[in-house]
Amino acid sequence: WYQRRVREAVVSTQSTGAVSNNVKRSGSNSNAEVKRLEGNVNELTLTVEGLEKERDFYFQKLRDIEVICQEKEGDEVFSSFVAQIIEVLYATEDGFGPAEEEGEGEEEAEVDEEEQEEY
């Protein structure tokens with residue numbers, strides 16, 4: 001859902017840029033067109049801010065759940081339940097995984113896999 005909303009915002013931004021380029025090429029300095037484009041930019045900015053706030057909110061919820069699971073990991077009563085929750089938390093979709101920063105090597109990827117196997 002989040003990715004779809006971001007894609008829509010990007011597509012809208014790209015089309016706004018194309019319109020802006022057309023206005024510049026035609027030589028018209030239409031104030032109405034500029035105001036419309038500024039409105040689009042403001043709307044997209046608000047959308048991105050809202051999405052980031054929502055993302056951060058749900059991330060914090062998931063992080064809290066992860067901490068609780070880590071605290072209960074050794075408890076025999078909850079071990080199966082906690083293992084299932086951890087599995088769901090760390091599951092990835094095809095083509096979607098944690099973002100890798102530039103300079104990260106295979107060594108760090110191996111560490112991440114080892115850490116995940118612990119759960």
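This is a selection-by-selection tour of a predicted model.

**Whole chain.** Of the 119 residues, 10% count as buried. Among contacts with a separation of 6 or more, 54% join residues 24 or more positions apart.

**Helix 2.** Select residues 31-72, which make up helix 2. Helix 2 holds 42 residues and reaches 62 Å from its first C-alpha to its last, close to the 62 Å expected at 1.5 Å a residue. Now show the side chains of E33, L37, N40, L44, L51, E66 and C69; these are buried.

**Salt bridges.** The model has 3 salt bridges. Take them in sequence order.

- Select E33 and R36. Their side chains meet at 2.7 Å, N to O. Both residues lie in helix 2, 3 residues apart, about one turn of the helix. E33 counts as buried because its relative accessibility of 18% is under the 20% limit. R36 is partly exposed, at 38%.
- Select R55 and D56. This salt bridge has an N to O distance of 3.0 Å. R55 is partly exposed, with a relative accessible area of 39%, and D56 is also partly exposed, at 42%.
- Select R63 and E66. The closest N and O atoms are 2.7 Å apart. Because R63 and E66 are 3 residues apart in helix 2, about one helical turn separates them. E66 is buried, with a relative accessible area of 15%, whereas R63 is partly exposed, at 34%.

**Aromatic pair.** Next, select F57 and Y58. A search of the whole structure finds 1 aromatic pair, and F57 and Y58 form it: 5.0 Å centre to centre, with 80 degrees between the planes. The pair is edge-to-face because that angle is over 60 degrees. F57 is partly exposed at 45% relative accessibility, and Y58 is partly exposed at 48%.

**Nonpolar patch.** Finish with V77, F78 and F81, shown as surface. Together they form a nonpolar patch with about 330 Å² of accessible area. V77 sits in the loop between helix 2 (31-72) and helix 3 (79-90). At 69% relative accessibility, V77 counts as exposed because the value is over 50%.

Note on methods. Residues numbered from 1 in each chain as written. Predicted model: local features only at pLDDT ≥ 70, side-chain atom pairs only at ≥ 80, totals over all residues. Heavy atoms only, no water. Phe/Tyr/Trp six-rings, centres within 6.5 Å; stacked < 30°, edge-to-face > 60°. Buried < 20%, exposed > 50% of the residue type's maximum accessible area, 1.4 Å probe, protein only. Patch = residues over 30% accessible without salt bridge, like charges linked within 9 Å, V, L, I, M, F, W, Y side chains within 5 Å. Areas by Shrake-Rupley, 256 points an atom, 1.4 Å probe, with all protein chains shown as cover. Salt bridge = Lys/Arg side-chain N within 4 Å of Asp/Glu carboxyl O. Helix = DSSP H or I, 4+ residues; strand = E, 2+ residues; numbered from the N terminus. Expected span 1.5 Å × (residues − 1). Contact = heavy atoms within 4.5 Å.
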